[in-house]
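Biologist: Could we go through this structure together? I would like to begin with the contacts between charged side chains.

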Amino acid sequence: MSKPIRIALVGATGMIGMTLIRMAVQRPDIRVIAVSRREIALPPGARMEVLVADPEHWDDAIAAANADVLVCALGTTWKKAGKDEAAFRAVDQELVLDCARAAKAAGIRQMISISSVGADPMAKNLYLKVKGETEQALGKVGLQRLDVIRPGLLRGPREELRPAEKLGMIASPLIDLFLNGELRRYRSVHAETIVEAIIGLSREKMAGRFVFEHDGILRAARRGQFHPQPLTQD
């Protein structure tokens with residue numbers, strides 16, 4: 001088996017981060033090194049490192065991870081940010097960009113960043129505007145390869161599930177049936193599919209900036225699926 005891909009993960013305590021950590025237990029092809037501001041409860045069988053540091057020292061932790069790829073699944077909510085734009089931007093924009101610059105300085109060639117469908121620097125919605133501005137700024141950091149994943153509604157376990165999110169998850173399979181053509185990009189996607197897409201994209205060698213919405217995410221996920229080799233007897 002070839003050498004596993006080393007993935008530095010920021011945003012380890014969110015849905016995508018925890019799903020990546022859980023799925024990595026059964027994946028000998030990847031090695032996850034999480035960078036977090038606090039300790040993380042790891043799943044049984046996890047063989048990984050967690051580098052705990054305050055965000056202002058994450059540049060040192062990212063360098064110490066000696067990673068091939070930086071996966072950024074950072075994100076907060078308007079409520080958690082105290083409905084304060086500066087606090088919201090501090091996580092969803094400034095910290096994301098700080099991590100990208102740290103990856104560049106550490107010689108990490110690729111960053112995979114989780115954004116959102118509808119991200120647009122000209123959007124009237126603050127969430128989508130910040131996501132769009134952040135994507136635009138990430139493209140100027142100078143990483144050899146930048147992959148931006150723009151999912152619709154994320155399905156999967158969350159530590160905190162707001163009533164609207166719970167209702168959306170229940171209704172999403174039905175709603176998805178009516179999202180066709182240009183609206184397909186708004187279809188929901190499971191966190192495990194996003195993780196498979198992350199793993200698939202981590203194997204790509206071509207330089208440049210790439211954006212993946214629903215159908216592109218599914219294609220990348222197929223490349224990242226794990227198929228254990230059957231044991232053979234001599």
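Modeller: A salt bridge is counted when a side-chain nitrogen of Lys or Arg is within 4 Å of a carboxyl oxygen of Asp or Glu. The side chains of Arg185 and Glu213 meet in such a bridge, at 3.2 Å from N to O. Arg185 lies in the loop between H5 and S8, and Glu213 in the loop between strand S9 (208-212) and helix H7 (214-224), so the pair ties together parts that are 28 residues apart in sequence. Helices (H or I, at least four residues) and strands (E, at least two) are DSSP runs, numbered from the N terminus.

Biologist: Where does the model come from, and how are residues numbered?

Modeller: This is a predicted model, in which local features need pLDDT of at least 70 and side-chain atom pairs count only at pLDDT 80 or more, while totals for chains, interfaces and linings use all residues. Residues are numbered from 1 along each chain as its sequence is written, and side-chain values use heavy atoms, with hydrogens and water left out.

Biologist: Which residues are linked with Arg185 and Glu213 in a network?

Modeller: The network of salt bridges links Glu135, Arg150, Arg185, Arg209 and Glu213. Arg185 is partly exposed, with a relative accessible area of 28%. Here buried means under 20% relative accessible area, exposed means over 50%, and partly exposed is in between (1.4 Å probe, protein chains only).

Biologist: How many salt bridges are there by this rule?

Modeller: The count comes to 17 salt bridges. One of them joins the side chains of Glu133 and Arg89, at 2.7 Å from N to O. Glu133 lies in helix H4 and Arg89 in helix H3, so this pair ties together parts that are 44 residues apart in sequence.

Biologist: Is Arg89 buried or exposed?

Modeller: Arg89 is buried, with a relative accessible area of 14%.

Biologist: And which residue does Asp98 meet in a salt bridge?

Modeller: The side chain of Asp98 meets that of Arg101, at 3.2 Å from N to O. Asp98 and Arg101 are 3 residues apart in helix H3, so they are separated by about one helical turn. Asp98 is partly exposed at 44% relative accessible area, and Arg101 is partly exposed at 45%.

Biologist: Let us change topic. How many cavities of 30 Å³ or more does a search of the whole structure find?

Modeller: The search finds 1 cavity of 30 Å³ or more. A cavity is a set of points on a 1 Å grid over the protein atoms alone where a 1.4 Å probe fits but cannot get out, and its lining residues have an atom within 4 Å of a point. The volume of the largest cavity is about 80 Å³, where volume is the space filled by probe spheres set on the points, and grid points are joined across faces, edges and corners.

Biologist: Which residues line the largest cavity?

Modeller: Its lining includes Cys72, Asp92, Ser113, Lys131 and Leu138. Helix H3 (85-105), strand S5 (110-114) and helix H4 (126-138) each supply at least two residues of that lining. The largest share, 4 residues, comes from H4.

Biologist: How does the lining divide into nonpolar, polar and charged residues?

Modeller: The lining has 5 nonpolar, 3 polar and 3 charged residues. Ala, Val, Leu, Ile, Met, Phe, Trp, Tyr, Cys and Pro count as nonpolar, Asp, Glu, Lys and Arg as charged, and the others, Gly among them, as polar.

Biologist: Where is Cys72 found, and is it buried or exposed?

Modeller: Cys72 is found in strand S4 (residues 69-72). At 1% relative accessibility, Cys72 counts as buried.

Biologist: What about helix H1: how many of its residues are buried?

Modeller: Helix H1 (residues 15-24) is mostly covered, with 8 of its 10 residues buried. Among them are Met15, Leu20 and Ala24. Gln26, in the loop between H1 and strand S2 (30-36), counts as exposed at 59% relative accessibility.

Biologist: How far is Gln26 from Pro228?

Modeller: Gln26 and Pro228 are 202 residues apart along the chain, and their C-alpha atoms are separated by 9.5 Å.

Biologist: One more topic, the backbone. What is phi of Asn66?

Modeller: Phi of Asn66 is near 50°, a positive value in a residue other than glycine. Asn66 is found in the loop between helix H2 (58-64) and S4, and Asn66 is exposed, with a relative accessible area of 56%.

How values were computed
1 Å grid on protein atoms, 1.4 Å probe; cavity = no way out; pocket = protein on both sides within 12 Å on 5 of 7 lines; lining within 4 Å.
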